[in-house]
Amino acid sequence: MSEATSHADELRRFFDVFARAGDSLDVDTLAGCFAEVFLAGDAGGARPVPRPAFLQALPRRAQMFADAGIGPAALDTLTHQHLDDRYVLVRTEWTAPRTAGGEHVHLSSSYLLHRDADDTYRIVAYLNHQGLPLSQA
């Protein structure tokens with residue numbers, strides 16, 4: 001297996017764990033996916049987010065998705081670019097079903113991951129490329 005394939009597999013496993021933990025609100029596993037403080041960005045700007053505050057907000061985020069009629073998102077595509085020995089930029093595309101049927105919701109986001117000395121990836125920056133789609137198109 002080539003080094004590039006190995007890194008791609010590692011990243012895919014990281015995001016599989018991340019997605020499962022998000023779907024089940026497994027805050028302990030999600031805590032391990034994020035740096036102690038990370039940068040979150042969206043159309044409104046960027047802000048530092050302490051991991052405990054993020055974890056505390058997860059139930060409200062899950063409720064927003066439920067209220068919008070959006071089910072759990074599945075990772076469709078993942079592309080990455082290694083920036084150096086410790087940082088990798090990852091672009092993701094996700095698809096989530098509408099609970100009432102109809103067109104699936106497409107979501108995209110980018111992540112800057114840091115690989116710790118023990119080869120554990122942690123999210124240090126998260127960029128949401130669009131807001132939560134609240135109505136069906």
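Phe 34 stands opposite Ile 123 in E6. The structure is a predicted model, in which local features need pLDDT of at least 70, side-chain atom pairs count only at pLDDT 80 or more, and totals for chains, interfaces and linings use all residues. Residues are numbered from 1 along each chain as its sequence is written, and side-chain values use heavy atoms, with hydrogens and water left out.

E1 and E6 are parallel and share 4 bridges. Strands here are DSSP runs of E with at least two residues, helices are runs of H or I with at least four, and both are numbered from the N terminus. Two strands count as paired if DSSP finds at least two bridges between them.

## The sheet

The 6 strands form an open sheet with mixed pairing, in the order E2-E1-E6-E5-E4-E3. At the edges are strand E2 (45-50) and E3, each of which pairs on one side only. From one strand to the next, the twist averages 20 degrees; axes are lines fitted to C-alpha atoms, for helices over the stretch in contact, and angles run from 0 to 180 degrees between N-to-C directions.

E1 and E2 are antiparallel, with 6 bridges between them, and a hairpin of 2 residues joins E1 to E2. In this pair, Ala 40 stands opposite Arg 47 in E2. E5 and E6 also run antiparallel, joined by 7 bridges, and Leu 113 stands opposite Ile 123 in E6.

## The nonpolar core

A nonpolar core is a set of buried Ala, Val, Leu, Ile, Met, Phe, Trp, Tyr and Cys residues joined through side-chain atoms within 4.5 Å. The largest one holds 31 residues, of which Phe 15, Phe 18, Trp 94 and Leu 113 touch the most other members. Elements that give two or more residues to this core include helix H1 (3-24), helix H2 (27-33), helix H3 (51-67) and strand E5 (105-115). H1 supplies the largest share, 6 residues.

Leaving aside residues up to four places away in sequence, Phe 18 touches Leu 30, Cys 33, Phe 34, Trp 94, Tyr 111 and Ile 123. Contact means heavy atoms within 4.5 Å.

## Ser 108

Ser 108 lies in strand E5. Its relative accessible area is 8%, so Ser 108 is buried; buried means under 20%, exposed over 50%, and partly exposed in between, using a 1.4 Å probe and protein chains only.

Not counting residues up to four places away in sequence, Ser 108 touches Arg 91, Thr 92, Glu 93, Leu 127, Asn 128, His 129 and Gln 130.
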